[in-house]
Amino acid sequence: RFGVIFGTTEEQAFMTGTGAGQPLGLFVANANGLNTDRDLSTGNGTTTISADNLRRNKYNLKAQYRSRPSTRWLFNRTVVRDISLLKDGDGQYLWRAGLAGTDPDTIEGIPVLESEYASNTMTTGLYVGLIGDLSQYYIVDSLAFSIQRLVELYAATNETGFIGRLECDGKPVLSEAFSRVTLA
């Protein structure tokens, strides 16, 4: 249970953390991480993502980052649903479902990851996804992990409580390895 709790807490911080007492998230503009020069809204509407914008974001990355095995698209599942319906000028879907159980779904040949903590609010100026080389997001885990058992606190109800503590940090270390999808 601690693994699930810590995992979801860390994922949320890696996506939306401010860097103040928590990791610096991918969807937070910050000069120490991803500045606003990595945002691209060209072609998007105020409430929709366009196929042209996704292609622009892909090519906003230098080839050395696009071709790495650690490069991924990252969206909320509801945004993925909307993107899966986009077509190019020839009427072909941009979305490619993995053909075998081990193949990932792709957009423009790049695998797609989903996070519940990526924004799904389709409103002007918000980040709704990104493409990037995730090996350029560093995560540091401390070995200072502890579990405290609380027996007396819940003695009246014959229960035992636990408090878990974990130290970690994270931030994007190379801004040019990312491009964020922003609404116009």
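**Close-up 1. N158 in its loop.** N158 sits in the loop that links β8 (146-150) and β9 (161-165); strands here are DSSP runs of E with at least two residues, helices are runs of H or I with at least four, and both are numbered from the N terminus. This is a predicted model, where local features need pLDDT of at least 70, side-chain atom pairs count only at pLDDT 80 or more, and totals for chains, interfaces and linings use all residues. Residues are numbered from 1 along each chain as its sequence is written, and side-chain values use heavy atoms, with hydrogens and water left out. N158 isn't a glycine, yet its phi is positive, at about 55°. Most residues other than glycine have a negative phi. With 73% relative accessibility, N158 is exposed (exposed is over 50% relative accessible area, buried under 20%, partly exposed in between, using a 1.4 Å probe and protein chains only).

**Close-up 2. E108 in its loop.** Look between β4 (106-107) and β5 (110-114) and you'll find E108 in the loop. E108 also has a positive phi of about 55° without being a glycine. Its relative accessible area is 15%, so E108 is buried.

**Close-up 3. Helix α1 and what it packs on.** Helix α1 covers residues 2-16. Its buried residues are F6, E10, A13, F14 and M15. They pack against β2 (71-75), β7 (137-141), β9 and β10 (168-172), with contact meaning heavy atoms within 4.5 Å.

**Close-up 4. The largest nonpolar core.** This core has 32 residues, and W73, F75 and I107 are among those with the most contacts inside it. Such a core is a set of buried Ala, Val, Leu, Ile, Met, Phe, Trp, Tyr and Cys residues joined through side-chain atoms within 4.5 Å. β6 gives the most to this core, four residues.

Notes
The expected span of a helix is 1.5 Å times one less than its number of residues.
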